[in-house]
Amino acid sequence: MLFQGDNRVALTPKAVDVLTVLVEARDRPVGRDELLHKVWAGSVVEEGSLSSHISFLRKALGEGFIETLPKRGYRFVG
């Protein structure tokens, strides 16, 4: 479970998986292909799935926790 202060943050299982990969990478950028491989291994994924999960996480966590690095991927900075 994830809490923001005393409030529980409701996340989908795939959003938790994306967040876990980003947090485990610490401040290292995680590319799109790496995220797709680790979160959706062996699955056919629509192009917008990753970006919609990143958007969902940004709304759930608030701005400033996930940074987009153009042409390099995403990085957890919270």
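Two residues are in contact when they have heavy atoms within 4.5 Å. The exercises below apply to a predicted model.

**Exercise 1.** Determine whether Leu69 is buried or exposed, and identify the residues that Leu69 touches beyond four places away in sequence.

*Solution.* 
Step 1. Locate the residue: Leu69 belongs to strand E3.
Step 2. Compare its accessibility with the cut-off: a residue is buried when its relative accessible area is under 20%. Leu69 has a relative accessible area of 11%, and therefore counts as buried.
Step 3. List the contacts: with residues up to four places away in sequence left out, Leu69 touches Pro29 and Arg75.
Step 4. Consider a separation in space: Gly31 stands 38 residues from Leu69 in sequence, while their C-alpha atoms are 9.0 Å apart.

**Exercise 2.** State where Lys71 is placed, and decide whether Lys71 is buried or exposed.

*Solution.* 
Step 1. Find its place: Lys71 sits in the loop between strand E3 (66-69) and E4.
Step 2. Apply the cut-off: exposed means over 50% relative accessible area. The relative accessibility of Lys71 is 90%, so this residue is exposed.
Step 3. Inspect the backbone: Lys71 is not a glycine, yet its phi is positive, at about 65°.

**Exercise 3.** Describe the largest nonpolar core and the elements that supply at least two residues of it.

*Solution.* 
Step 1. Count the members: this core has 18 residues.
Step 2. Name those with the most contacts inside the core: they are Val18, Leu22, Leu35, Leu50, Ile54, Ile66 and Tyr74.
Step 3. Assign the elements: at least two core residues come from each of helix H1 (13-24), helix H2 (32-39), helix H3 (48-61) and strand E4 (73-76). H1 provides the largest share, five residues.
Step 4. Examine one member: Tyr74 has contacts, not counting residues up to four places away in sequence, that include Leu22, Leu35, Leu50, Ile54 and Ile66. Arg28, Arg58 and Glu67 are also among the residues that Tyr74 touches.

**Exercise 4.** Characterise the largest pocket by its space, its lining and the elements that give two or more residues to that lining.

*Solution.* 
Step 1. List the lining: it consists of Met1, Leu2, Arg8, Val9, Ala10, Leu11, Val16, Leu19 and Thr20.
Step 2. Assign the elements: strand E2 (7-9) and H1 each give two or more residues to this lining. The most come from H1, with three residues.

Methods: Residues are numbered from 1 along each chain as its sequence is written. This is a predicted model: local features need pLDDT of at least 70, side-chain atom pairs count only at pLDDT 80 or more; totals for chains, interfaces and linings use all residues. Side-chain values use heavy atoms; hydrogens and water are left out. A nonpolar core is a set of buried Ala, Val, Leu, Ile, Met, Phe, Trp, Tyr and Cys residues joined through side-chain atoms within 4.5 Å. Buried means under 20% relative accessible area, exposed over 50%, partly exposed in between (1.4 Å probe, protein chains only). Helices (H or I, at least four residues) and strands (E, at least two) are DSSP runs, numbered from the N terminus. On a 1 Å grid over the protein atoms alone, a cavity is a set of points where a 1.4 Å probe fits but cannot get out, and a pocket is an open set with protein on both sides within 12 Å along at least five of seven lines; lining residues have an atom within 4 Å of a point. Grid points are joined across faces, edges and corners, and a volume is the space filled by probe spheres set on the points.
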